[in-house]
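Morning, everyone. Please have a look at the sequence and the structure on the screen.

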Amino acid sequence: MKNALKSKVVVITGASSGIGEAMAKVYAAMGAKVVLGARSEDKLKALADKITSDGGEAAYCATDVTVAEDCKRLIETAVETFGGIDVLICNAGISMRAIFDDVELSVLHRLMDVNFWGTVYCAKYALPYLQASKGSLVGISSVAGLHGLPGRTGYSASKYAMTGLLETIRVENIKKGLHVMVACPGFTASNVRFSALVADGSQQGSTPREEGKMMTPEQVAHIVARGIAKRKRLCLMEAEGRATHFVKKFAPAFLDKMFYWVMSKEPDSPFK
Ligand code: NDP
């Protein structure tokens, strides 16, 4: 397959950990000029230094995606360092675990602030550059953005909102050659379940699932790269995502029961 990322300027939010970090490493190794955003500046610096010492090109900008001005600076860093933007990957995200009965409203606001508004801000500031390059705007959604995932109301809602935003940007730009893709990983080994917010807004601090049995962030990075190369609209990853997408069309009530059953089996599930 053609290496669509060679010499391209790729901005990645949430690049300090998990899927974002893997995308940064994999895409830099493919010859992309990567621009890294996240709050953990020390981690971004270490990652950019490693990429550079391995012969790649990287820049970084400490970014809290809930702050519009930070997102503007991230985009400006890319433009000032590398002269434009070819791909923006809105990947920064957090999760949660609590049923709607129990969850504090502040948790739902936080999920929307990071996952949805973080995407809005970065997409807004990057759009003119992506239009100029006829590049790719990518959102890292989730299988939870394809069907409501119990115990994750704010998470599913934020990913559905991201999809609505990106789909509409795609339609508005139909004559401008902009590629817009929603990517939906299934469970992937990362820090996301450890940092997930529980009902009172504190971090879960542990994972209720077997991380070793999940996709790796590197696998997700390669699948997303293929999706960008093929200019896909929707990037599904594995059996979970494909099955969810397919079954939802024909048997959504059955899918409700499957999602309930699977998630109720988690240790300490907030519903049984
Ligand atoms: P990680 O927790 O490992 O990484 C999350 C990243 O998001 C970190 O780099 C973190 O950096 C960043 N982040 C969190 N909050 C903010 C913020 N306010 N501003 C800027 N960056 C922020 O999780 P994953 O790699 O798994 O998650 C990446 C994406 O993949 C998320 O959108 C997630 O929803 C999605 N996803 C993950 C799945 C999984 O099972 N792992 C499945 C499906 C989708 P820092 O703390 O330094 O700011």
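I'll start with the sheet, then move to the ligand. One caution: this is a predicted model.

So, the sheet. Seven strands form an open sheet. The order is S3-S2-S1-S4-S5-S6-S7, and the pairing is parallel. In general, strands of a sheet pair through backbone hydrogen bonds, parallel or antiparallel. Which strands sit at the edges? Strand S3, residues 57-62, and strand S7, residues 234-236. Each of these pairs on one side only. Neighbouring strands are turned against each other by 15° on average, direction ignored.

Take one pair. Strand S4, residues 87-90, pairs with strand S5, residues 136-140, over four bridges. Val 87 stands opposite Ser 136 in S5.

Next, the ligand. How many residues surround the ligand? There are 32. The closest are Ser 17, Arg 39, Ser 40, Tyr 155 and Ser 190. By type, the shell divides into 12 nonpolar, 15 polar and five charged residues.

Look at the backbone, too. A backbone N or O atom of Ile 19 lies 2.8 Å from a ligand oxygen. For Asn 191, a backbone N or O atom is 3.2 Å from an oxygen of the ligand. For Gly 93, a polar backbone atom is 3.4 Å from a ligand oxygen. Taken alone, the ligand exposes 880 Å², and the protein buries 95% of that. Helices H1 (18-29), H4 (105-133) and H5 (153-172) each give two or more residues to the shell.

Definitions and conventions: Residues are numbered from 1 along each chain as its sequence is written. This is a predicted model: local features need pLDDT of at least 70, side-chain atom pairs count only at pLDDT 80 or more; totals for chains, interfaces and linings use all residues. Side-chain values use heavy atoms; hydrogens and water are left out. A residue is near a molecule or strand if one of its heavy atoms lies within 4 Å of it. A polar contact is a pair of N or O atoms within 3.5 Å; within protein, one must be able to donate a hydrogen and the other to accept it, and residues adjacent in sequence count only if both atoms are side-chain atoms. Accessible areas come from the Shrake-Rupley method with a 1.4 Å probe; for residues, only the protein chains shown count as cover. Ala, Val, Leu, Ile, Met, Phe, Trp, Tyr, Cys and Pro count as nonpolar, Asp, Glu, Lys and Arg as charged, and the others, Gly among them, as polar. Two strands pair if DSSP finds at least two bridges between them. Axes are lines fitted to C-alpha atoms, for helices over the stretch in contact, and angles run from 0 to 180 degrees between N-to-C directions.
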